[in-house]
Amino acid sequence: VDEKLYTGNLMLVKNIIISYIRNGIIPYDINHNNFAVEKVEKDIEWALPIGGGLEVMFGGIADRIDSMDDGNIRVVDYKTGSPHLSMDGIISLFEGQDRSRYGNILQTMIYSMILHHKHHRNVYPSLYYARVINKPEYTPRIIHSVSSTEKIMIDYQSYADDFEALLTQKLNELFDYNTPFRC
């Protein structure tokens, strides 16, 4: 890469990204090496049937797809913002005041849905938050906070039925001419 292309703010951003990779992501992966990177920046898509002969195409670009030693897949989305890995259950992604906080989790669950159906394997939805990935207690897996003391790391297959039912319900509401649109 021609260094002359990087000036001012781009040089700062480049250096921050290099630091995140060298000081966070690579050391984390070295210490948690039960995987093989299969794909990076992979276009993925799959059509969700929503009833009445209709389907909705979902897609995106998965930052990284790993094959885990246990036979499952991990979809990794890189984030630089403040970490948010915990939710109060699948319904919290679709209803309630806090649902806007769960955008990163919803995106990763959708990617997990796509990969689950395309590859017929279980998927671990994961978020790599570069700012905190090097903390000893960090886990990239999405967490279902069942209670203040009970936390479950999510695998897609265990939540697939509920997730897809709620997603289908929400899509049917959006496509229903008789249901007023509300944010």
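Let's start with Ile26, which is partly exposed, with a relative accessible area of 41%. This residue sits in helix 1, which covers residues 9-31. Keep in mind that the model is predicted.

**On the surface**
- Ile26 belongs to a nonpolar surface patch together with Val13, Ile17, Ile21 and Ile30.
- Together, the patch residues have about 420 Å² of accessible area.

**In the core**
- The largest nonpolar core has 42 residues, and those touching the most other members are Phe58, Ile90, Leu93, Met109, Met113 and Phe163.
- Several elements give two or more residues to this core: helix 1, helix 2 (103-119) and helix 3 (156-175), along with strand 1 (35-51), strand 2 (54-68), strand 3 (73-79) and strand 5 (123-129).

- Three strands make up an open sheet with mixed pairing, and their order is 4-6-7.
- Strand 4 (86-87) and strand 7 (151-153) are at the edges; each has a single partner strand, so one side of each lacks a neighbour in the sheet.
- Strand 6 spans residues 143-145 and pairs with strand 4 in the parallel sense, over two bridges.
- To find this pairing in the structure, look for Ser86, whose bridge partner in strand 6 is Ile143.
- As background, the strands of a sheet pair through backbone hydrogen bonds, in either a parallel or an antiparallel way.

Note on methods
Residues numbered from 1 in each chain as written. Predicted model: local features only at pLDDT ≥ 70, side-chain atom pairs only at ≥ 80, totals over all residues. Heavy atoms only, no water. Patch = residues over 30% accessible without salt bridge, like charges linked within 9 Å, V, L, I, M, F, W, Y side chains within 5 Å. Areas by Shrake-Rupley, 256 points an atom, 1.4 Å probe, with all protein chains shown as cover. Salt bridge = Lys/Arg side-chain N within 4 Å of Asp/Glu carboxyl O. Helix = DSSP H or I, 4+ residues; strand = E, 2+ residues; numbered from the N terminus. Buried < 20%, exposed > 50% of the residue type's maximum accessible area, 1.4 Å probe, protein only. Core = buried A, V, L, I, M, F, W, Y, C linked by side-chain atoms within 4.5 Å. Pairing = 2+ DSSP bridges.
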